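Please keep the sequence and the 3D view at hand while reading.

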Amino acid sequence: MACPIAPGIEIYLLGSGITVILTTIAGIIVQRKINKKFSVPLDRRWYNLALNLVSLSINFAWSVAGGYWVFSNMVPNFTDPSSPEYCHKDSYFLSLWTTVITWGVTIFLLLFWWRLDGIVRRGEMKVGSDTESNASSVHT
């Protein structure tokens, strides 16, 4: 599945899978160590934030590189393998849809988080112990 017009596409496909797997495994290992060291959730929140930011940064950088490799060659030649502008159709479309879906989910989650954060800040939604005390008072 060669793509001479954009050799980075194959690297992107391989790397996107590897970065997700490695950041997930590293996240699980580090999270277990954090949970053993700090028993109170508030004590470990900054470590969790740092872990999430590192993982997010790695995946974000890889997505930007992949987006560049995919979208810099928007219409490659799918029919003539001897052409310098040739790209295997499966490789190209897999990387294209991987990029589009990744950015679409990212934008959706950011908008969802922004909206949810606004609701919580305005006090339209209770968080933490307020919801537990309200729920127990309703049932009694």
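## The nonpolar surface patch

Which helix supplies the largest share of the nonpolar patch? The largest share, nine residues, comes from helix α3, which covers residues 89–122; helices (H or I, at least four residues) and strands (E, at least two) are DSSP runs, numbered from the N terminus. The patch has an area of about 1,200 Å² and includes F71, M74, V75, F93 and W97. Patches are made of residues with over 30% relative accessible area and no salt bridge, where nonpolar side chains (Val, Leu, Ile, Met, Phe, Trp, Tyr) are joined within 5 Å and like charges within 9 Å. A salt bridge is a side-chain nitrogen of Lys or Arg within 4 Å of a carboxyl oxygen of Asp or Glu, and accessible areas come from the Shrake-Rupley method with a 1.4 Å probe, with only the protein chains shown counting as cover for residues.

L116, one of the patch residues, lies in helix α3 and is partly exposed, with a relative accessible area of 31%.

## How the model is described

This is a predicted model, in which local features need pLDDT of at least 70 and side-chain atom pairs count only at pLDDT 80 or more, while totals for chains, interfaces and linings use all residues. Residues are numbered from 1 along each chain as its sequence is written, and side-chain values use heavy atoms, with hydrogens and water left out.

## The chain as a whole

The chain holds four helices and zero strands, and from the N terminus on its elements run α-α-α-α. Of its 140 residues, 23% are buried (buried means under 20% relative accessible area, exposed over 50%, and partly exposed in between, with a 1.4 Å probe and protein chains only).

## The largest pocket

The lining of the largest pocket comprises 21 residues, of which L56, N59, F60, T106 and L109 lie nearest its centre. By class, this lining has 13 nonpolar, eight polar and no charged residues (Ala, Val, Leu, Ile, Met, Phe, Trp, Tyr, Cys and Pro count as nonpolar, Asp, Glu, Lys and Arg as charged, and the others, Gly among them, as polar). On a 1 Å grid over the protein atoms alone, a pocket is an open set of points where a 1.4 Å probe fits, with protein on both sides within 12 Å along at least five of seven lines, and lining residues have an atom within 4 Å of a point.

Helix α3 gives the most to this lining, with nine residues.
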